[in-house]
Amino acid sequence: MFWPRQLTDTKIKFLNYIFRQSATIFQYRFQPQQQQQQPRHRVDNSSTQLLRGHSRAPWQQRTYSGMADQVTYLDVPDKSENDKKLYKSLVLANGLHALIVSDPSPVPDDGIISIESSEEGEKLSESSSSSSDSSSETNSLTSESGSQASSETGDEKLAACALMVDYGSFAEPRNYQGLAHFLEHMIFMGSEKYPEENIFDAHVKKCGGFSNANTDCEDTLFYFEVAEKHLDSSLDYFTALLKHPLMKQEAMQRERISVDSEFQQIAQDDETRRDQLLASLATENYPHGTFTWGNLKTLKDNVDDDALYKVLHEIRREHYSANRMYVCLQARLPLDELEAMVVRHFSEIERNDSKAPDLTKFDYRQAFRPEFHEQVFFVKPVENECKVELTWVLPSVRQYYRSKPDQFLSYLLGTEGKGSLCAYLRRRLWALQLIAGIDENGFDLNSMYSLFNVCIYLTDEGFKHIDEVLAATFAYVKLFSNCGSLRQLYEEQQAIEETNFRFQAQRPAFDNVQDLVFNSKYFPPKDVLTGMELYYSYDEQQLNELIGHLNEFKFNLMITSQVKYEGIAYDKQEAWFGTEYTTVPMPAKWKQLWTDSKPMEQLFLPEPNRFVAHDFKLFWSAKGKPDLPAYPKKLLKTDTCELWFRQDDKFELPEAYMAFYFISPLQRQSAKNDAMCALYEELVKFNVCEELYPATSAGLSYSFNAGEKGLLLKVSGYNEKLHLLVEAIAQGMVNVADTLDEGTMTAFIKNQRKAYFNNLIKPRALNRDIRLCVLEHIRWLTIDKFKALNDITLEDMREFARKFPQELYVQALIQGNYTEESAHNVLNAVLSRLNCQKIKERQYVEDRTVQLPLGSHTIRCHALNSSDTNTVITNYYQIGPNTVRVESILDLLMMFVDEPLFDHLRTKEQLGYHVGATVRVNYGSAGYTIMVNSQETKTTASYVEERIEAFRLKMLQILKKLPMEDYVSSRESLIKLKLVADMALSTEMGRNWEEISNGDYLFDRNRKQVEVLLTLNKEDIISFLIDTDANNLRKLSVQVIGHRPVGMNEPLLTVVDDNDAIKAAGAELSDEEMPEDDDDDDDDDDQLFEALANKMNIVFLPKDGDNSTITDISEFKSGLEVYPTLEAHQQGAEISRTVRIEDALSNT
């Protein structure tokens, strides 16, 4: 997949990461593991301090005769004093650079989980495994001490490998745009040694791992993780693809459809569209003026297949050369053993001494045509957003990595504390968010140039006052050239980063190798670990050079808005994404604003940061490292709160994590209340943002978000001053009612309308919203909350803000470098501020799920964006009450069907780029989904749903044909996944918090699942499938249907019969499925959002004569069983959800 600028996390439980985490994400082939987008001005909390001092030149090599003269050893990277991993950097004889990372943590005795030595486990009785489903609180809390069970998940770790090729989209032939991305796809299509398509991916998944790849502008990255015992065999499969990939012509025909499908799914993303618009302004013959994604137009239309096939192989031979490859390998093996593995697998990759194009020969000052900065660009977005962006073209800042002047300026421009530009604009309600700096994607940062961007998200009032917004921005940018030395502020940031580096938490090998292989290319070997993290030294000359660039009136000014500025017309269209825009010469008044800009007393440099930590005492170590319980301990339980606590005895870092769930009966009472809860969340954050922003620059972080029945606060970082964040936010919750005025209320309602709108027009988000609304007993559709905003008055919001803290139940977990006494003090400080009472209307805070009727039911609607071709089909199959056994069976089942699902629906039938199967547990009810994201221009929703169901019916056949050896291997891989060790306190905290917030308190869930898995044989899974199909098939198909262009014929479909014979067939859509004509196409775009707000609606499509089609969710749910019943809840809050559900069902 090509690197997107922005990624969105989806909280699910994916089949390849079946071990429980508090937040996991969709992961698909050729799609990156989605990482949290890091604000460009943020201080990286994972960075930290250095132990170094080298006298040689940074690139000086040392050659040794070891490994049969095949290896040249480079400098060992400098590392943090707390980093126990061992590193070795080397170059093979073929020129391939390798960084080896040896994790010294002990390897567990495999006998505790291996199938061969688990006879006793196989004989565990059904009753014993069932009893583990409903372990009481006492059993959970009286489990083994820390000395005996150091981690709930065990001691397993996954090995990981990342390989980066020094070839990307900037180097591809201009007549085959997207070829680098296409080549990345084709590499996976089998090798001479292992000719089966997707065989590497299948092997890795079978071994409990995951693989992926990304194409960027200068590099292509391949990476995978796998159980450690399978690392050697996985490297064999992987390197076979690099040595002799097949890339057959018939595979080429299918894979470019996949590339096009990937493009279609990103085609509505405004950030990607912005990048392509800027690319269209590239100076002729500069490499960044290309269409990096590729689609059928660039790879199929008017393209000779034989010529493309030839070029594809030529490019691979020329650029996928060992001397242009970098690899990073991490595992719990000795360095010498890992080195031998690298030599064995990678030394036979051919070299040709080719070099990547020299991008430094291109002058960054000429990278874009003059209109880039001479014209103002007015852009019409897909989403409803309004922003103004200033983008300067700077030299490539990689050369400045030791002093990092760009990151320091990102901090200064992006800060949100007192005296900042953001604070100035927020106080006037002209903007609510500001981001500054250089994005890390290859388009914004490469070897030619860097794009330094200041992006201000405007309110409607801010758009009306854009002259004043620009005047303040100009004044703040010029402040840094007129304020004298910035050394003191720089040294404060330098100290913070050194502390972060000193105390950085361990990262999963999968994440670590991806970053390190990138660093291996762009930093000297000695700085591979520190180059991205540390401010080595203050360089005033380099800093002033960049400040000088920012003080030139030579930047791109882009204003993005659905509302037109002063009557302009969007009369131009970008070629690839169809982005509508227009340009006008830079207005004289804005030039004058820049020329006449003077200092403003409201704008000044950041003050000394009061949140910087100085006390790093470790409480557990100070007490002599006593044995501690492995799981959280309940310190307090009352009518209004519960407090859980666990002191850290594993990670030994001066950090803590705290989570608070403020559960309220208000939110679920109406869609209006739900919308007000979202507003209340934003208003509280607005109330504290200026005060708490410095904390986020000092290694602390917080999030405050609306949940399903209240507000969720999470804080983390150095424990010394962490309580200050909690107290500030609790006080903010109380202050909102008294500080709210009409202007603030209006601005936030408009902002919330935009947020709901932008969510509604995304087919996947809409699909999920509908599915959960059908399944949950009380849940409001986003469209209903969107409409309810119209009815909220200032007094309504003040009353809600007053009432919210009055009746609450507070769940809290404090974990890390803390004491029981301090934990009590933090919760007491919260409760004393809120002064909350017991909840009276308990029915609104009980989590309950409807039981779907037997049989199949469908709910369908059109995507709300008439330009979006994407269709999302999710078939949900409800099993019933979740138990450890049921969840274990589903986890195992998903492992077996994952690769066949991908192979059938994605590779062979090409139904869509995103295909996935997922275990879902919703309020104690277990089930699974099969999802396909297709395009209505290529196939129809009804046909996709038919093919999903056809595959589901084959699952039993797939399992029956599965060799016993493969069954045992997959089961063992799943067991190992569930025993993967926590890499950081955040992981352990997240898992424990999930058990508390969902009311199960089964802290040793994974170990109990392992006990069950050891008893499951193949016949158990087969019997489960047969029984479900025969006696308990409860299916819900949620279909959000995309749009075909007006006048486009229905696509000709490819039908795959049971014998995999392929034939052409026509497909039919009912009249209701056809996209409706938009009668308002010619309406004045100035009123677009207001018009959409008034007419936007979701109409669930009927199907003539089909009673199984849902057209009214409330009516459908009205006659269904709901579990657990309220009576079950009233019998005792201490009973776990699993027991409550089973008891409720047994009484129906």
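Apart from neighbours within four places in sequence, Ala505 is in contact (heavy atoms within 4.5 Å) with Leu653 and Ala984. Ala505 and Leu653 are 148 residues apart in sequence, yet their C-alpha atoms are 7.8 Å apart in space. Ala505 lies in the loop between helix H18 (487-502) and helix H19 (509-522). Helices (H or I, at least four residues) and strands (E, at least two) are DSSP runs, numbered from the N terminus. Ala505 is partly exposed, with a relative accessible area of 31%. Buried means under 20% relative accessible area, exposed over 50%, and partly exposed in between (1.4 Å probe, protein chains only).

This is a predicted model: local features need pLDDT of at least 70, side-chain atom pairs count only at pLDDT 80 or more, and totals for chains, interfaces and linings use all residues. Residues are numbered from 1 along each chain as its sequence is written, and side-chain values use heavy atoms, with hydrogens and water left out.

Now the whole protein. It has 39 helices and 31 strands. Of its 1148 residues, 62% are buried. Among contacts with a separation of 6 or more, 83% join residues 24 or more positions apart.

Next, the cores. A nonpolar core is a set of buried Ala, Val, Leu, Ile, Met, Phe, Trp, Tyr and Cys residues joined through side-chain atoms within 4.5 Å. The largest has 98 residues. Phe660, Phe662, Tyr680, Met797 and Phe804 touch the most other members. Helix H23 (residues 671-696) gives the most to this core, with 11 residues. A second, separate core of 60 residues includes Ala180, Phe188, Val226 and Ala251. Beyond four places in sequence, Phe660 touches residues including Leu711, Val726, Val830 and Trp993.

Two helix pairs are set out below. Axes are lines fitted to C-alpha atoms, for helices over the stretch in contact, and angles run from 0 to 180 degrees between N-to-C directions.

| Helix pair | Angle | Axes apart |
|---|---|---|
| H24 (residues 722-739) and H29 (residues 820-834) | about 15 degrees | 9 Å |
| H31 (residues 941-961) and H35 (residues 1018-1031) | about 160 degrees | 10 Å |

H24 and H29 are therefore roughly parallel (under 35 degrees). H31 is roughly antiparallel (over 145 degrees) to H35. In the second, residues of H31 including Leu953 and Leu956 meet residues of H35, among them Ile1022 and Leu1025.

How many residues of helix H34 (residues 1005-1013) are buried? Seven of the nine are, so H34 is largely enclosed by the rest of the structure. The buried residues include Arg1005, Lys1008 and Leu1013.

Finally, some backbone details. Most residues other than glycine have a negative phi, and most peptide bonds are trans. Glu652 has a positive phi, near 50 degrees. Glu652 sits in the loop between strand S17 (641-647) and strand S18 (655-663), and is partly exposed at 33% relative accessible area. Tyr923 also has a positive phi, of about 50 degrees. The loop between strand S25 (914-922) and strand S26 (925-935) holds Tyr923, which is buried at 13% relative accessible area. A cis peptide bond joins Tyr1123 and Pro1124, with omega about -5 degrees. Pro1124 is in the loop between strand S31 (1122-1123) and helix H38 (1126-1130).

How values were computed:
Angles under 35 degrees count as roughly parallel, over 145 as roughly antiparallel, 65 to 115 as roughly perpendicular and the rest as oblique.
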